[in-house]
Amino acid sequence: MAAMLEVEGLSVGYARKGLALDDVSLVVPTGGIVALLGANGAGKTTLIRTITGLLPMHNGRVAQGRVRFAGVDITGMAAHRLVRLGLAQVPEGRLIFKQLSVEENLQVGAAFLPRGKVAERLEAVFALFPRLRERRRQAAGLMSGGEQQMLALGRALIGGPRLLLVDELSLGLAPLIVEAIYQQLMSVGETLGTAMLIVEQNAHVALEYAQTAYILDRGRIAMSGDAATVGASSAIADAYLGLAGEVPADV
Amino acid sequence: MLPQVLFSGLALGSIYGLVALGFALVFKATDVLNFAQGMFVVVGAFLAVTAGTQLHLPFALTLMFIVVAAALIGAAIQALLIRPLTGRSMLSIIMVTIALSIVLRALIEIIFGPQPRALTTPMPTGVFIVEGVRISQLHMLAAGVSWLCLGLFALFFRFTTFGLQMRATANGHEAALVSGINVDFVNRVAWAIGSVLAAIGGLFLAQLQLASTELEGIGLLALPAVVIGGLQSIPGAIIGGLLVGLIEQLASSYVSPRSADIFVYTLLLLVLMVRPWGLFGQRELGRV
């Protein structure tokens, strides 16, 4: 199967700090679901930022390596161009537009589509998350955490991405809601063939849905393989309980 | 006398509101307090001098010249000065805008000389009298055009895709980037609009008074207007502008012409002490 996303030998640093990522390689196959696990400060956020073009706004720079999306070298490409190419993300902390209405949030996500397609895509997202249709006129900031997470997902999906990066989806949500949102996400993956890179601190949840998994530990890939193998390995315990305190946090 | 004072206060306040809207727009979209906004007013006044008095362009062309030139200047400043400073501290960017206003003042005085210039435009200068109140046609026109611009921008923000993208960017930069908005382009347009609004204010102020670098002080009244109205609020900027205009006219008529600034800045101080987010601003919502 062709690769949707290829990260090759990537090393990334921030100004006046050491490397946050050191020679990281990772592949997300077309239509595949890959989990990226690791403790706080392991470099997960840095990797996501590098892939999605947000590194410059956090004063980071790529020291080495490259990122390819559907065969195209996208290292250093501007964030908004990546979204238009079909690389969408659900960012950590959701980052919805709190002062805009639910529908406006979705329209922003659809702004780069041809005008005629927006209504149809909006309907598709509402069909996926009926809750958002009920609340379409409400200010997004006034919704519950789970609903805001649905909105962030809907905003990412409305443009019809080929690859979806999901960053810490479970953060601050009740387990039942996390489960429900993940199941919707998986049905999207099945029907549209969207490839996904799922970044989670909650390894349990991610391993339940992913086919393959990578463990990031202090900026390096500590282990990779199919989800069951990685889940059973001792590397996962090491990555979370090991020497995490020694790493500078990549916030 | 009171209706007279209220009329000129509201008319001048409309111009301040227009300039303040430009200031608030730039702040909301790019998080930059543009202390050169007052000098942008002066730039607008001298663009009018160039087009109308020196090039003798017809008035319609003069207007077009002012709008296009001001937009280009605003966009160029964003591209050359502001964008390279992305991610720097608020303080260093503010310093750059102050430096910019000093440089602009010097350039204008080099090009046009230090003495004020009169503006020659076909704008009406007559007066008509309603119920004993002298209504200056120029004041009426200035207020009318200001409100037209404000209305057009309200429609633009509410009903166009680009307006929506600007509101989204104002709500959160990273969120906008993540959603596929070309934030850099939105910022450039915000600077262009901010500069155009200041320039339109400058055109009217120069016609009401004279075109000179002294107009900067009037342009900078946008600052208290915006802070009083609420830095994050677009309607707040406009109402803040009206309030500043009213206070200024009331103070200069009933107390002393020199006292206007005292009253304006006292109100500014009171608002900052009692309601720091402004009369119409929102308290920052806590991040979840």
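Visitor: Is the crossing of α3(B) and α8(B) left-handed or right-handed?

Guide: A crossing is left-handed if the near helix is turned anticlockwise from the far one by less than a right angle, and right-handed if clockwise. The crossing of α3(B) and α8(B) is right-handed. This is a predicted model, in which local features need pLDDT of at least 70 and side-chain atom pairs count only at pLDDT 80 or more, while totals for chains, interfaces and linings use all residues. Residues are numbered from 1 along each chain as its sequence is written, and chains are lettered from A and ligands numbered from 1 in the order in which they are written.

Visitor: At what angle do α3(B) and α8(B) pack, and how far apart are their axes?

Guide: Two packed helices are described by the angle between their axes and the distance between the axes. Axes are lines fitted to C-alpha atoms, for helices over the stretch in contact, and angles run from 0 to 180 degrees between N-to-C directions. For α3 (residues 59-82) of chain B and α8(B), the angle is about 135 degrees and the axes are 7 Å apart. α3(B) is therefore oblique to α8(B); angles under 35 degrees count as roughly parallel, over 145 as roughly antiparallel, 65 to 115 as roughly perpendicular and the rest as oblique.

Visitor: Which residues make the contact of α3(B) with α8(B)?

Guide: Two residues are in contact if their C-beta atoms, placed from the backbone, lie within 7 Å. From α3(B) the residues include Ile66(B), Ala70(B), Gly74(B) and Ile77(B), and from α8(B) they include Arg188(B), Trp191(B), Ser195(B) and Leu203(B). They divide into 14 nonpolar, five polar and one charged. Here Ala, Val, Leu, Ile, Met, Phe, Trp, Tyr, Cys and Pro count as nonpolar, Asp, Glu, Lys and Arg as charged, and the others, Gly among them, as polar.

Visitor: How do α2(B) and α8(B) pack?

Guide: α2(B) and α8(B), the latter covering residues 183-208, pack at an angle of about 60 degrees with their axes 7 Å apart. They are therefore oblique to each other, and their crossing is right-handed. Among the residues that make the contact are Phe40(B), Gly44(B) and Leu47(B) of α2(B), and Ala198(B), Gly202(B) and Leu205(B) of α8(B). This contact divides into 13 nonpolar, six polar and no charged residues.

Visitor: What span should α2(B) have, and what span does the model give?

Guide: The expected span of a helix is 1.5 Å times one less than its number of residues. The 18 residues of α2(B), residues 37-54, should therefore span 26 Å, and the end C-alpha atoms are 25 Å apart, which agrees. α1(B) has 29 residues and reaches 40 Å from its first C-alpha to its last, close to the 42 Å expected.

Visitor: How many residues of α1(B) and of α2(B) are buried?

Guide: A residue is buried if 20 or more other C-beta atoms, placed from the backbone, lie within 10 Å of its own, exposed if 12 or fewer, and partly exposed in between. In α1(B), 22 of the 29 residues are buried, so this helix is largely enclosed by the rest of the structure. In α2(B), 15 of 18 residues are buried.

Visitor: What is the phi of Asp31(B), and where is this residue found?

Guide: The phi of Asp31(B) is near 60 degrees, a positive value in a residue other than glycine. Asp31(B) is found in the loop between α1 (2-30) and α2 of chain B. It is partly exposed, with 13 other C-beta atoms within 10 Å. Glu131(B) likewise has a positive phi, near 50 degrees, and its place is in the loop between β1 (127-130) and β2 (133-136) of chain B. Glu131(B) counts as exposed, because it has 6 C-beta neighbours inside 10 Å. α2(B) is followed by His56(B), whose phi is positive, near 50 degrees.

Visitor: Which residues does Pro224(B) contact, apart from its neighbours within four places in sequence?

Guide: Pro224(B) lies in helix α10 (residues 222-229) of chain B and, with 25 C-beta neighbours inside 10 Å, counts as buried. Its contacts, apart from those neighbours in sequence, are Val244(B), Val264(B), Tyr265(B) and Leu268(B).

Visitor: How many residues of chain B are in contact with chain A?

Guide: In chain B, 18 residues are in contact with 26 residues of chain A. The elements that give two or more residues to this side of chain B are α6 (161-171) and α7 (173-178). α6(B) gives the most, with six residues. The residues on this side of chain B divide into eight nonpolar, eight polar and two charged.

Key:
Helix = DSSP H or I, 4+ residues; strand = E, 2+ residues; numbered from the N terminus.
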